[in-house]
Amino acid sequence: MPRYYMLKQPTGSVKWDYFLLYIAAKLKKFYIGTYYIPRYQVLAPVFRITPGTPVDLRALDPVPEDVLRESYRMLCVECGWCCVRDSGAFVLENELKDLRDYLDRPLDFTWVETLVGPLKVYHLDLDPGGKCIFYEGRCRLPPEKKPIICLIHYCSLFAERQGRKYVKIAAKRVGEKKVVPIYREVSEEEFRKIVDDYLRWRRGERKR
Ligand code: SF4
Ligand code: SF4
């Protein structure tokens, strides 16, 4: 039986956070989504891992299936915000091979120290304004080829749970540092309307 694991939380430490990304990139084909998990009050990328696959428990925690069922899976409506202005887009050396067929220029890299040693981080935010080189109105990479950071990072505005759609209506402070989202269920029709409005606002066609 496959088991579910969530990536542990980033801390802001480069050494730890890039280690998490490195492990997540190795498990890219098992990634099933980024979830807000109310039981643990965290937003975390989740992997459905087949038996026999090595799991690094320094970076991953198991998640019971019933906990995942009550969680919200993030949805991206592809407004482009993450890819255009100051995107900060990058790809790790252990996933660069996924991009080989799509690259039209050499990439610069920076060395980053991680828990598993130094890692090359290649910059993709090379177009004007920090736009990602793969953005042409939308990402031109197939989903399974996208850098892990693009797959797991979400604005958390839109979500689904058990086939139903949700939108974030507020955020609540929990404890000193944590802020968690609050979602409201909406009909498919309402969801489409909210998304259309949101996309028009992002394109500057509508004032908030
Ligand atoms: S801001 Fe949200 S909807 Fe827009 S590209 Fe990023 S994750 Fe997707
Ligand atoms: S690789 Fe694709 S999803 Fe990632 S920043 Fe670039 S255009 Fe956006």
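Hi everyone, let me start with F90, which counts as buried at 12% relative accessibility; buried here means under 20% relative accessible area, exposed means over 50%, and partly exposed is in between, using a 1.4 Å probe and protein chains only.

Some housekeeping. This is a predicted model, where local features need pLDDT of at least 70 and side-chain atom pairs count only at pLDDT 80 or more, while totals for chains, interfaces and linings use all residues. Residues are numbered from 1 along each chain as its sequence is written, chains are lettered from A and ligands numbered from 1 in the order in which they are written, and side-chain values use heavy atoms, with hydrogens and water left out.

Back to F90, then. This residue lies in strand β6; helices (H or I, at least four residues) and strands (E, at least two) are DSSP runs, numbered from the N terminus. What does F90 touch, not counting residues up to four places away in sequence? The list is Y18, L21, V121, Y122, L124, P147 and I149, with contact meaning heavy atoms within 4.5 Å. E190 is 100 residues from F90 along the chain, and their C-alpha atoms are separated by 35 Å.

Next, S87, in the loop between β5 (72-75) and β6 (90-92). S87 is buried too, with a relative accessible area of 17%. Beyond four places in sequence, S87 touches C82, D125, G130, K131 and C132.

And is E144 buried or exposed? E144 is exposed, at 53% relative accessible area, and lies in the loop between β8 (117-123) and α3. Its contacts, leaving aside neighbours within four places in sequence, are K28 and D98. E144 and K28 are 116 residues apart in sequence, yet 7.7 Å apart in space, C-alpha to C-alpha.

Now the pockets. On a 1 Å grid over the protein atoms alone, a pocket is an open set of points with protein on both sides within 12 Å along at least five of seven lines, whereas in a cavity a 1.4 Å probe fits but cannot get out; lining residues have an atom within 4 Å of a point. The largest pocket holds about 980 Å³ of space, a volume being the space filled by probe spheres set on the points, which are joined across faces, edges and corners. Its lining has 40 residues, with C76, K146, C150, L151 and H153 the closest to the centre. β2 (31-37), β5, α3 (148-152) and α4 (188-202) each supply at least two of the lining residues.

Which ligands are in there? Around ligand 1 we find C76, V77, E78, C79, G80, W81, C82, C155 and Y198, each with a heavy atom within 4 Å. Ligand 2 is surrounded by C83, A89, C132, F134, Y135, C139, L141, P147 and C150.

Finally, the second largest pocket, with about 370 Å³ of space. Of its 17 lining residues, P10, P45, I149, I152 and H153 lie nearest the centre. Two or more residues each come from α1 (14-26), β3 (42-49) and α3, and α1 gives the largest share, four residues. Thanks, everyone!
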